[in-house]
Amino acid sequence: MRRLKFLLLVAAMLLTPLIARAADQTVTIDNFVFTPNSVTVAAGTRVVFINRDDIPHTVVGIGAGNFKSPPLDTDDKFSVTFDKPGTYKYFCSLHPMMTGTIVVR
Amino acid sequence: MSDETKGLTRRRALECGLWAGAGVLWTVSGGVPRSALLGTAEAAEMGADLTFVQISDSHIGFNKPANPDATATFKSLLDRIAAMNPRPAFMLHTGDVSHLSRASEWDTARSLIEATGIETHFIPGEHDMLVDNGEPFFASFAPQGAKPGGWYSFDQKGVHFVALVNVAQLKPGGEGSLGAAQLAWIENDLKGRSASQPIVVTIHMPLWQVYPQWGWGTEDGAQALTLLKRFGSVTVLNGHIHQLLQKVEGNVAFHTGMSTAFPQPAPGTAPSPGPMKVEPGRLRELLGVSTVSHVAGKKRLAIIDRPLGA
């Protein structure tokens, strides 16, 4: 019995990294640019957008990725978890020249 | 740099030595709109048929290092306008009343403006459109006769004012846009008007291509300008880029007003168009100088207090 418990514990320790959620991917907004501008993540990854500019920005999905952040003031964060593989393009609705891409595999 | 450009630049440097809190006084005399920075002697000397003031980009709620108190600078501007003699007929606010489309920001702006007792016409900037496609802004600031998209026109002393909205539903990768419905309305609004009637267009983002790399333009602006072509005097007043900039093209004079909140860099002179931070004590001086010469060169650049639309 004792040995079985030990084995289960070892199994749990080994499996933990496999079942844990993928690490967050950060996308910062600096000088009106989403950085990294295009990033590839595993399905299930949470992408955290952080606005580091002194001006508000938004993060708005284009087409399939139908997400929309509230206005993000300086240092505000907004996160989206991407569960399905695909290519998700997004932009800032205040400064539409600002665009970025998340590729989910 | 041409001689003309140099000369204009030097004069502008002298005339623009006011900081961003300045309003721009517009007068219409004999059908020719003229502008002068508030506080200049010339403003008082103009024998005007109509006098009004353009204010812009108050960004109430902005509190970052470029200006920790945008409300205070807005108020000091309004105090100066309220003290003007003769009193302006009205004010035009060319957008970005608020910074984050918050009711409290609009309320603050409204109460400060109302305290002047001067009628004010508003159009939204993109900062006023952050919630519910701008509906809260239009509910509070659009006049009774405004179209569902928020655009409208009115007449004052023979001058026709056309207030446009180019900040709704901006498209990815794009600039400001008017859209087919608004363009059709403009065509109808101008139909039958005498070509000699002065037209003033008020709009937030520049109607011409100031700097597409930063989105400083209106993608279908050329269509609007085509509709305005037959008029002998057209003045387009915009905000958005937080610096003085003028251009005259044919009969159309384009004028960008300063912000009352914070300056932005001249096109292409910074990594991004974000708020320009300067030492508080040097703000006045540097803002004036920083806005000078970037657009010069290709087209004739009109001086801010010179007759326009020649």
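1. The secondary structure of chain A consists of one helix and eight strands, where helices (H or I, at least four residues) and strands (E, at least two) are DSSP runs numbered from the N terminus, and along the sequence these elements follow the pattern α-β-β-β-β-β-β-β-β. This is a predicted model, in which local features need pLDDT of at least 70 and side-chain atom pairs count only at pLDDT 80 or more, while totals for chains, interfaces and linings use all residues. Residues are numbered from 1 along each chain as its sequence is written, chains are lettered from A and ligands numbered from 1 in the order in which they are written, and side-chain values use heavy atoms, with hydrogens and water left out.

2. Of the 105 residues in chain A, 43% are buried, that is, under 20% relative accessible area with a 1.4 Å probe, protein chains only. Among contacts (heavy atoms within 4.5 Å) in chain A between residues at least 6 apart in sequence, 50% join residues at least 24 apart.

3. Chain A gives 16 residues and chain B 25 residues to the contact between them. The area buried there is about 1,700 Å², with 69% of it from carbon and sulfur atoms; buried area is the accessible area (1.4 Å probe) that two parts lose on being put together, summed over both. A:Asp54, A:Leu94 and A:Met97 supply 35% of what chain A buries against chain B, more than any other three residues.

4. Two salt bridges are found across the interface of chain A and chain B, the criterion being a side-chain nitrogen of Lys or Arg within 4 Å of a carboxyl oxygen of Asp or Glu. A salt bridge joins the side chains of A:Asp54 and B:Lys277 (3.3 Å, N to O).

Definitions and conventions. Buried < 20%, exposed > 50% of the residue type's maximum accessible area, 1.4 Å probe, protein only.
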